[in-house]
Amino acid sequence: MEIAGHSAIVTGGGSGMGAESARRLAGAGARVAVLDIDGSAASAIGSEIGGLGVACDVSDAGAVEAATIRARGAHGPARICVNCAGIAPAQRIVGRGGPAPLDGFRRVVEVNLIGTFNVMRVCAADMAALEPANETGERGIMIATASVAAYEGQIGQAAYAASKGGIVGMTLPLARDLASLGIRVMTIAPGLVETPMLAGMPEEVRNNLAASVPFPRRLGRPGEFADLVEHIIANAMLNGSVIRLDGAIRMQPK
Ligand SMILES: NC(=O)c1ccc[n+]([C@@H]2O[C@H](COP(=O)([O-])OP(=O)(O)OC[C@H]3O[C@@H](n4cnc5c(N)ncnc54)[C@H](O)[C@@H]3O)[C@@H](O)[C@H]2O)c1
């Protein structure tokens with residue numbers, strides 16, 4: 001599908017891979033709404049790219065419905081939906097204080113997995129009401145962000161890995177649900193990417209992580225994620241699957 005002339009929604013667009021995807025889509029001619037729980041980051045990127053920034057917690061059904069109504073009012077219904085909102089707190093199942101608090105696990109699943117489904121269900125309904133955009137019959141495309149942790153979660157990553165594994169697991173059934181409408185669903189599973197999510201780590205830890213990537217021996221760049229987003233949108237045969245973007249890394253236990 002073309003990017004130019006269409007409306008797009010990017011969640012987690014206030015930072016990292018979401019911000020880079022929002023810039024790329026706007027640069028390619030889309031009208032982009034940036035949704036982020038950090039309202040000032042959403043506004044900053046929204047105004048940088050000549051789009052719209054909306055404060056929105058993706059795990060909240062009403063907030064996503066309201067944000068989508070705002071985006072639709074400004075730009076028309078979105079044909080492109082890129083889901084990057086996510087959190088990655090680490091916690092072992094048993095710590096010094098006893099069992100891990102259940103709310104920590106629940107929040108990660110709510111934001112990463114349920115939040116992705118929440119945004120997709122609302123966007124897909126909007127796309128379903130549109131006429132096809134091209135001769136292939138495409139009405140829209142939705143991209144989710146998993147992680148290599150879906151396959152090789154490390155110590156302390158049970159919640160994160162479960163949430164990302166859930167995204168991997170729902171990719172095919174969502175593509176099947178939406179196939180008759182001409183809406184594609186794809187997931188990107190990044191390895192280690194240099195974003196604010198990793199920036200909190202000490203430099204030595206980041207250098208060690210970078211050295212563990214077989215090739216290229218460095219952290220990934222948000223622009224490489226945006227490259228793949230662009231290609232997935234363009235290539236109509238990509239549907240219902242997960243692409244690892246990881247320089248061949250296979251994560252070790254810790
Ligand atoms: N950086 C990595 O190495 C890496 C690797 C694999 C997967 N990922 C995934 O890629 C995605 C983007 O991560 P990033 O590295 O760009 O991180 P980031 O922290 O730079 O950006 C994540 C954005 O999501 C927003 N967000 C968090 N909770 C939200 C919520 N409830 N509602 C709306 N927005 C919310 C944050 O405010 C932030 O702007 C995440 O889903 C992350 O899990 C990152």
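## Terms and model

A pocket is an open set of grid points with protein on both sides within 12 Å along at least five of seven lines, and its lining residues have an atom within 4 Å of a point. The model described here is predicted.

## The second largest pocket

Fourteen residues line the second largest pocket, and Gln91, Ile93, Ala100, Pro101 and Phe105 are the ones nearest its centre. The space in this pocket is about 240 Å³.

Both α4 and α6 supply at least two residues of this lining, with α4 giving the largest share, four residues. By type, the lining has 11 nonpolar, two polar and one charged residue.

## The largest pocket

The largest pocket holds about 1,100 Å³ of space. Its lining has 43 residues, and Ile87, Ala88, Tyr160, Met197 and Leu198 lie nearest the centre. At least two lining residues come from each of α1, β2 (31-36), α4, α6, α7 and α8 (203-211). The lining divides into 26 nonpolar, 12 polar and five charged residues.

## The ligand

The largest pocket is where the ligand sits. Two or more residues of the shell around the ligand come from each of α1 (16-27), α4 (102-128), α6 (158-178) and α7 (196-199); α7 gives the largest share, three residues. There are 29 residues around the ligand, with Ser15, Asp36, Tyr160, Val193 and Thr195 coming nearest. In this shell, 16 residues are nonpolar, eight polar and five charged.

A side-chain N or O atom of serine 15 is 2.5 Å from a ligand oxygen, and a polar side-chain atom of threonine 195 is 2.5 Å from a ligand oxygen. For methionine 17, a backbone N or O atom lies 2.8 Å from an oxygen atom of the ligand. On its own the ligand has 830 Å² of accessible area, and the protein covers 92% of it.

How values were computed:
Residues numbered from 1 in each chain as written. Predicted model: local features only at pLDDT ≥ 70, side-chain atom pairs only at ≥ 80, totals over all residues. Heavy atoms only, no water. Near = heavy atom within 4 Å. Polar contact = N/O pair within 3.5 Å; in protein donor to acceptor, adjacent residues only side chain to side chain. Areas by Shrake-Rupley, 256 points an atom, 1.4 Å probe, with all protein chains shown as cover. 1 Å grid on protein atoms, 1.4 Å probe; cavity = no way out; pocket = protein on both sides within 12 Å on 5 of 7 lines; lining within 4 Å. Sits in = over half its atoms within 2 Å of the grid points. Nonpolar A, V, L, I, M, F, W, Y, C, P; charged D, E, K, R; others polar. Points joined across faces, edges and corners; volume = space filled by probe spheres on them.
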